[in-house]
Amino acid sequence: MSSPSFNQNPTPEPEAPLIGFGYNYATVTDKISAIVLSKRTPRTWLVGFAIAFALLMVLMLAIGKLLFVGVGVWGIQIPVGWGWAIVNFVWWVGIAHAGTLISAILLLLHQEWRTSINRFAEAMTLFAVACAGMFPLLHLGRPWLFYWLFPYPNTMNVWPQFRSPLIWDVFAVSTYATVSLIFWYVGLIPDLATIRDRSKKTLSQKIYGIFAMGWRGSAKHWKRYETAYLLLAGLATPLVVSVHSVVSFDFAVGIVPGWHSAIFPPYFVAGAIFSGFAMVLTISIPVRKFYGLEDFITERHLNNMAKVLLATGLIVAYGYLMETFMAFYAGGRFDKYMIMDRMTGHYMNFYWILLTCNVVVPQFLWIPKIRNNVWVLWVISILVNVGMWLERYVIVVQSLARDFVPSSWRNYTGTHWDVATFLGSIGLFLTLLFLFLRYVPMISIFELRGLVPKGDAPAASTGASQRG
Amino acid sequence: MSDSDIKKTDLDFAALRERLRGEHGREFWRSLDELADTPEFESFLHSEFPRQAGVLGDGVSRRQVLKLMGASLALAGLTGCAYMPKEKILPYVRQPEELVPGKPLFYATTMPLGGYGKGVVVESHMGRPTKVEGNTLHPASLGATDVFAQASVLTLYDPDRSQTLNHLGLIEIWANFSAVINQIRAEQQLKKGAGLRILTGTITSPTLAYQLQALLTQFPMAKWHQYEPIHHDHTNIGAQLAFGEHVDTQYRFDQAEVILSLDSDFLYAGPAAVRYARDFANKRRMVGGATAMNRLYVVEGTPSITGSMADHRLRIRSSEVQGVAQAIAARLGVPGVAPLTSPVISAHSQWIGAVVRDLERHRGACVVSVGEQQPPSVHALGHAINLALGNAGKTVTYTGAVEAHPVEQLESLRDLVTDMKSGRVDALVILGGNPAFNSPPDISFIEGLLKVKVRVHLGLYEDETSNLCHWHIPETHYLESWGDVRSYDGTISLIQPLIAPLFNGKSPHEILALLLGQPSASAYQIVQEYWKNQGSAVWKSRTTNFKEFWETSLHDGVITGTALPLKTPALKKDFWESVKKSPGDSPASGSSDIEVVFRPDPTIWDGRFANNGWLQELPKPLSKLTWDNVAWISPRTAERLSLQNGNMVELKVEGHAAKTPIWIMPGHADDSITVFFGYGRWLAGRVGSGTGFNMYALRNSKSSGFANGVALSKTGELFDLACTQNHHSMEGRDFVRTGTLAEFRKNPRFIHDEIPEKSPLPSLYPSFPQNGYQWGMAINLNSCIGCNACVVACQAENNSPVVGKEQVQRGREMHWIRIDRYYDGDLDAPQTFHEPVMCMQCENAPCEVVCPVGATNHSSEGLNQMVYNRCVGTRYCSNNCPYKVRRFNFLQYEDWQISSLKLQRNPNVTVRSRGVMEKCTYCVQRINAAKIQAEEENRPVRDGEIQTACQAACPTQAIVFGNINDPESEVSKLKGEILNYGLLTELTTHPRTTYIARLRNPNPEIETE
């Protein structure tokens, strides 16, 4: 069963439904807004939030210690000047890719199945960017001077050094964060208006009212809204590619064997989408279960995401292969040594586990049965997340630990403060996510209504426009 | 008045408002109570802030305020004066009319170590000595220094130095101490001094010797004992055996073509090491068209600096060196000496034969040097071999005793302890030294010491010995005292203070004067009086004016013409008979066939520098360990005993036991363990206490060099060691390029041909402009012996912090220059290479492009500069540095609290704080000082005018710095050498520091190509 518009999309497989049977505009709206408007906070939410918040407090403690004592509380040293912090940064930025990809690129490509997961993925993007953005600031020796990386006019007439990839990072990540926020927020406006209209409490009416920015759902509103949304999607699309390309420049521009590689930008972007989709799966599977949203986030969604995971996983695998091939083909003695050390040296366990997680495990997704088995999919998505973290760890740490001068080689291990900061960043992510789930409609109501089969739907427009 | 009392008073709010309304303008009030002007508030103010209240109450006049301000300013200024010495001292090179703030002065003085002096020139900023350099005029320095001289300035400012005169741990005054000494004098005068004992280290100082002699004249029954833990008994007895008289030996390595070291670390240890290293290196530089170099054979069990420079190194146990010496002597026809037949000797007989032939080919131009830990018999054999080779008077010279009163020091200490134990000693005055820590356990010094009625200790620190003494007197550091001392060849130099005693210390001269009944004599007067009268023979022939002599000697840092006259002693005919008869050392033999070799620690020496953070954190020359001592064993022995680095073992020799961690040392002899003294102190100070393990506990007085039959047992514990270099192979990378002299002669370009250099890749960046001054450096790996002097010199010059063992373990040491040590070849007997690495000042620096804030950038003179203030600490520059020479302040490493340490810092170098990257600057402060000077004089900077700290300290002049834009400069010439190469040039970094490849000169008879 599919909508007429959906039939235009050529799909090789027989269509699974994008929305459960028997929904109409009102029931869709009811079901999603009820999660936000419900007076009773579910116990599971409370437990989850408590755990997330506790982790957030761990982050606060770790940051406090860091600022008070110095970056020396981490395991970084000479030669490994970047450790967990940068690994986490790249990992989170990677995760942040899925949201914009799902929202913007799939929107432009008219992939309607994105509708039920885009809000969710965008929120995840925002929170992941927040987690990612924190690390480059914290890893500075003197974090309180972070603003020196911005080109602001000052009396000393000193500017940042524009040749440094870290400056490009500043622009790339901050632009991405800004556009993602605006995109997410603009997408939220009609739904915020719905919540405002359905809310029975004055306070929430006022708060949602402020954020709804006076949305009345008039035809003019919709016209402008859709133009703006499309424009934003167009704006966000190149960013999906650019952010992780720029992040990869941090390494590719350096001369360290294992970093200095022209394949990095595409390979990082593919890795980012790979990990981003993995994270969307990791989170959406339990959420859809606990909130009973199986009818909105259907097996078809999961199936599609699994396919994206498989495709990007193959690109990433190609990246690994090329990296190794190039080291030998180019014949650089340092690169050759680096690859051999990666495979057989101190960090070999990390390398082989990452290959298993990122290359071997996703191959199971060729099998439709596995794609349709929600919990196997969930485990695979987690393994991919682990693999992608290890990939960044190997790139950052192993390359630095074995670079040019053997006398300076030294193995790196993070301290418990490194671990605490990482767990803490997960805490920050989850805390924000739980707040999002509770206070913002997690699925785009108005877009989902567009998926309701036309025949079943009453003639009514959005709740907001009924009022207006 | 308590709070509750105040609260009781009701405030009249209406009245307050009324008052405020009446005021105009801004009226600040501290509290409602103040506003109310209540008597309660008045009395509260008085009780809480009595002073201010008093001032407020009295209505102090303007005049009074100014008076108080003036007085406090004057008092603040006076504290600065406390550091200036009272007596007149003379600047070394420049003599400004008066002190120019910001301009350092340089004074010559002498650093005594183990009784022998090394001439130094000390940089003084506004009366604060900050940096030690060598004295070019002094024979033991020739302008260079060693690690101990470089680090001595830190000891001066060590906040843990004893600061007060103590009696039984309580602070006492000098007057009470002199009263006690007077009482002792009175008692001893009745007994002719029979109960008085003086214990000193080795004394070469003419003034001290004169004072001691005077004391012995006053108290004829008193005794003067000498004991240094690192003594020269074996050398002295060996000379006695060979020549029948006390003879000191000097080597002329600058004349020697072939050198044989029998377990002798002449390049690093001993009072002449700096000089010897220079002489040795001069024959080995392979620059300026040289095609020949000397050849060094080393026979040793413990890898040493000297062994690392060897062209051929015979790795045998220390106890087997005698066999080699005997075999060589026998082959050279030394009368009476028969070769020893042992499997080891016969296994190496071909090697020995080749060495003997090589020595014979260079009669009169070779040197055989014997190490102190070898028994006297080997020393005697060494003398016989040198005489047989006709080296005497040419490459080996002899003089009378440099020591004022040479004694067998272990015997001297034993006599003292015997007397003490039998209760014959009423008063013991220990002038320096720490025998309670470092005397052999079988002599049981402490047991004897505790029987002495009055025990007096003079020392820099309240240490293990002073803890057992009644009186402790803080000693003056050599930078705060007057004195004189002889160097290895007898040359006398004066010690002049750079600063008045920081902690009211007393010098040994003053303690002896007190004992002599001259309580008011100052060290200055004593030394000057000696030279005016008793020492006048030295200068009377040259000048009649004492003042002229005195000022010249102080200015130059040496008293010229005081080297001891050369002697030509004859070998005793029956010397071998007396050797065989002499008891000498009879190394213990136990159940096992493992020997233990005793060595002073290469950085904290005999333990006296244990509280010196620079020396503690200085990577030991070969093991690159810091903060601890270990027991070295060979890889094969480790395998046999299944030991790993850091495994704790208990060593037992003749009932004395000690625990130590194991370190596997490539090149060490099998079945042999080397342990190092100096660690394991329990009262060293905050830095040194509790570091390492005390190996003095193992050393029997009978076997002071090595002992056989050590029992080794694993304790099962693992000890965490802090090593600065974890990887020892070059992995086939050409960081140290090396070859043999023969290869070089065949194809001088071989180092470039061997590893075909890629043609320089095109660069996106414009090439570096080459105009004006362009600074560069060349390091000659043929001369570098890896002695570490540059590392400490850099630390002293550039205010580098000490980070501590735990941070070193994490890889965060802060040295701007490191000596990489690489092994090549066989694990059991590898070749060792030293390579000093500091910032290469790349013209195309990879660090610069990646810094997001431009904190590291390039100067027009080719310096890669670090702007600390701009650095935000991303560490990207360090990651992108292929040479890994950048150092990061991960934590707040620099000590901002301890005030005495602040005095040491170089005012021309920024003190860095947490979160900032730093690295070698080519001593930019020195470059700029020279440029300013040159500009004032309207001339270009002369070649050699700027010496970087590492260059100035280098004993072998391996480091050369200068303007590479001047084709006549020394560094330009070196860079034009055919052996010159850069590190990682294929990365197109264009490093400004380059290296001269290291050549070996193997004997074709031993090593066939």
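Ala54(A) is partly exposed, with 13 other C-beta atoms within 10 Å; a residue is classed as buried if 20 or more other C-beta atoms lie within 10 Å of its own, as exposed if 12 or fewer do, and as partly exposed in between, with C-beta atoms placed from the backbone. This alanine belongs to helix H3 (residues 43-69) of chain A, where helices (H or I, at least four residues) and strands (E, at least two) are DSSP runs numbered from the N terminus. Ala54(A) and Thr431(A) are separated by 377 residues in sequence, whereas their C-alpha atoms are 9.1 Å apart in space.

The structure is a predicted model, in which local features need pLDDT of at least 70 and side-chain atom pairs count only at pLDDT 80 or more, while totals for chains, interfaces and linings use all residues. Residues are numbered from 1 along each chain as its sequence is written, and chains are lettered from A and ligands numbered from 1 in the order in which they are written.

For chain A the mean pLDDT (the predictor's confidence in each residue, from 0 to 100) is 84, and 92% of the residues of this chain reach 70 or more. The pLDDT is below 50 over residues 1-13 of chain A, a stretch that has eleven contacts in the model beyond near neighbours in sequence; two residues are in contact if their C-beta atoms, placed from the backbone, lie within 7 Å. Residues 456-468 of chain A also have pLDDT below 50, and this stretch has 32 contacts beyond near neighbours in sequence.

Between the two chains, 38 residues of chain A are in contact with 42 residues of chain B. Helix H7 (residues 165-198) of chain A contributes the largest share of the chain A side, three residues. By residue class, that side comprises 24 nonpolar, ten polar and four charged residues. Here Ala, Val, Leu, Ile, Met, Phe, Trp, Tyr, Cys and Pro count as nonpolar, Asp, Glu, Lys and Arg as charged, and the others, Gly among them, as polar.

Chain B contains 36 helices and 40 strands, and 55% of its 1009 residues count as buried. Of the contacts in chain B between residues at least 6 apart in sequence, 74% join residues at least 24 apart. Chain B is divided into domain 1 (3-60), domain 2 (166-228 + 406-492 + 501-541), domain 3 (248-399), domain 4 (595-723) and domain 5 (738-1000), with bounds that come from an automatic or database domain assignment.

The centres of domain 3 and domain 5 of chain B, taken over C-alpha atoms, are separated by 35 Å. In the interface between these domains, 18 residues of domain 3 are in contact with 21 residues of domain 5. On the domain 3 side, two or more residues each are given by helix H11 (273-282), helix H12 (305-308) and strand E11 (312-315) of chain B. H11(B) gives the most, with four residues. The domain 3 side divides into ten nonpolar, two polar and six charged residues.

Strand E2 (residues 116-125) of chain B has ten of its ten residues buried, so it is largely enclosed by the rest of the structure. In a regular strand the side chains alternate between the two faces of the sheet. Both faces of E2(B) are covered: Tyr116(B), Lys118(B), Val120(B), Val122(B) and Ser124(B) are buried on one side, and Gly117(B), Gly119(B), Val121(B), Glu123(B) and His125(B) on the other.

Pairing of strands requires that DSSP find at least two bridges between them. Strand E1 (residues 105-113) of chain B pairs with E2(B) in the antiparallel sense over nine bridges, and Phe106(B) has Glu123(B) as its bridge partner in E2(B). The hairpin of E1(B) and E2(B) has two residues between the strands, and Gly114(B) there takes a positive phi near 60°. E2(B) also pairs with strand E3 (residues 128-134) of chain B, in the antiparallel sense over six bridges; His125(B) stands opposite Arg128(B) in E3(B). In the hairpin of E2(B) and E3(B), with two residues between the strands, Met126(B) takes a positive phi near 50°.

A further sheet of chain B is open and consists of four strands in the order E37-E30-E39-E38, with mixed pairing. Its edge strands, E37 (959-963) and E38 (980-981), each pair on one side only. Strand E30 (residues 775-780) and strand E39 (residues 993-996) of chain B pair in the parallel sense over four bridges, with Thr993(B) in E39(B) as the bridge partner of Met777(B).
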